[in-house]
Amino acid sequence: MSDLRWPPERFYWSSVDIPGWRGMGPVPPGPRAILADDLPLPESELHAVCASLAGGRVVICAAVRSELEAIEPGVDTLCPSHLPECLGPDARVPDGALNLLVGEYEPVARRRQRLRRHTGDAIVFVTCAALITVGLSRRADNWKLSAMQVRQARAGMIDAVAPGIDPALLTAELARSRRLVEAGSRMEEPIDAAEALAAVLQGWPSSAPSAPQSLAVTGDTAVVSVNVQGDPASFLAALRPPPGWRLDEPRLSASGGTTRLSQVMRRINQGGPP
């Protein structure tokens, strides 16, 4: 195999602007239509290749087909020895970028070599795919075997713990137990109102006459409902909240000389405003 170099005068040249295009080899359809207007011979009599230049330009190099067909066998590449001056002093292409012996004029030896390489790559790909398939199949078989062993172990455990019981019933009972545990974890402990009740009773104004109606106490709130004869001012003056508590504004309603008083006490929030 040898490399052949012809002077640029034996080729036909053209350059077109294709911004963003990078590549080399046979001329793509777009520049090929422009090439037909720049060449003195019909496109069917020429074989052209192209390569990208700086600035978005593409150089096109064409040779007469009859001259290419007359090249002796054994030639591996045919390139111009240098670029013509008409392309400008700054025109540069990689070495071998304008090789005319491509496509239909590709040497038989190179084509066979490429086919052998592609065949080898295909064999490697198929072999790897087959090995992966075999490996995945064996792994799937192992998973199936493991799943069968788990089912058998579960069935044996159920027979040992609850012989004769439908496994579906055990599954439902397990789900119910889990729901109960989850619901129990969300429940809050009941508030112990005994301490608050004792504190409210200790501050009860026993010196002021009154008729208690109701006393509702929670952990943070106490509601006192009482009837007072006449003016309730003395009862309200004597009523003191326990330490750490405060009194809301009382609600009063009078009827027939009796005043019904409703008083709310609230525990002061130590972490916020009272």
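1. Arg 111 is partly exposed in this predicted model, because its relative accessible area of 31% falls between the limits of 20% and 50%. Its salt-bridge partner is Glu 106, and the closest N and O atoms of the two are 3.8 Å apart. Glu 106 is buried, with a relative accessible area of 13%.

2. Arg 246 and Asp 248 meet through their side chains in another salt bridge, at 2.9 Å from N to O. Here Arg 246 is partly exposed, its relative accessible area being 31%. Asp 248 counts as buried, because its relative accessibility is 19% and the cut-off for buried is under 20%. Elsewhere, salt bridges with shared partners connect Glu 106, Arg 111 and Arg 114 in one network.

3. Over the whole structure, the search returns nine salt bridges. One of them pairs the side chains of Glu 67 and Arg 10, with an N to O distance of 3.6 Å. This pair ties together distant parts of the chain, the two residues being 57 residues apart. Glu 67 belongs to helix α2 (residues 65-69), whereas Arg 10 sits in the loop between β1 (2-6) and β2. Both side chains belong to partly exposed residues: Glu 67 has 30% relative accessibility, and Arg 10 has a relative accessible area of 36%. As background, side chains of opposite charge can pair when their charged atoms come close.

4. Strand β2 also takes part in an open sheet of four strands, ordered β2-β5-β4-β3 with antiparallel pairing. The edges are formed by β2 (12-17) and β3 (24-26), each of which pairs on one side only. From one strand to the next, the twist averages 20°.

5. Within that sheet, β4 (residues 46-52) and β5 (residues 57-64) run antiparallel and are joined by seven bridges. Ser 52 is found opposite Val 58 of β5.

6. A separate set of pairings involves β7, β8 and β11. Strands β7 (residues 211-217) and β8 (residues 221-229) are antiparallel, with six bridges between them. At Ala 211, the bridge partner in β8 is Asn 227. Strand β8 is also joined to β11, again in antiparallel fashion, by nine bridges.

7. Where does Ser 262 lie, and which residues does Ser 262 touch? Ser 262 is placed in strand β11 (residues 258-267) and is the bridge partner of Ser 225. Leaving aside residues up to four places away in sequence, Ser 262 touches Val 223, Val 224, Pro 250 and Arg 251. Ser 262 counts as buried because its relative accessibility is 16%, and the cut-off is under 20%.

8. On the surface, Ile 165, Leu 169 and Leu 170 make up a nonpolar patch, and together they have about 250 Å² of accessible area. Is Leu 169 buried or exposed? Leu 169 counts as exposed, because its relative accessibility is 55% and the cut-off for exposed is over 50%. Leu 169 lies in helix α4, which spans residues 167-186.

How values were computed:
Residues numbered from 1 in each chain as written. Predicted model: local features only at pLDDT ≥ 70, side-chain atom pairs only at ≥ 80, totals over all residues. Heavy atoms only, no water. Buried < 20%, exposed > 50% of the residue type's maximum accessible area, 1.4 Å probe, protein only. Contact = heavy atoms within 4.5 Å. Pairing = 2+ DSSP bridges. Patch = residues over 30% accessible without salt bridge, like charges linked within 9 Å, V, L, I, M, F, W, Y side chains within 5 Å. Areas by Shrake-Rupley, 256 points an atom, 1.4 Å probe, with all protein chains shown as cover. Salt bridge = Lys/Arg side-chain N within 4 Å of Asp/Glu carboxyl O. Axes fitted to C-alpha atoms, helices over the stretch in contact; angles between N-to-C directions.
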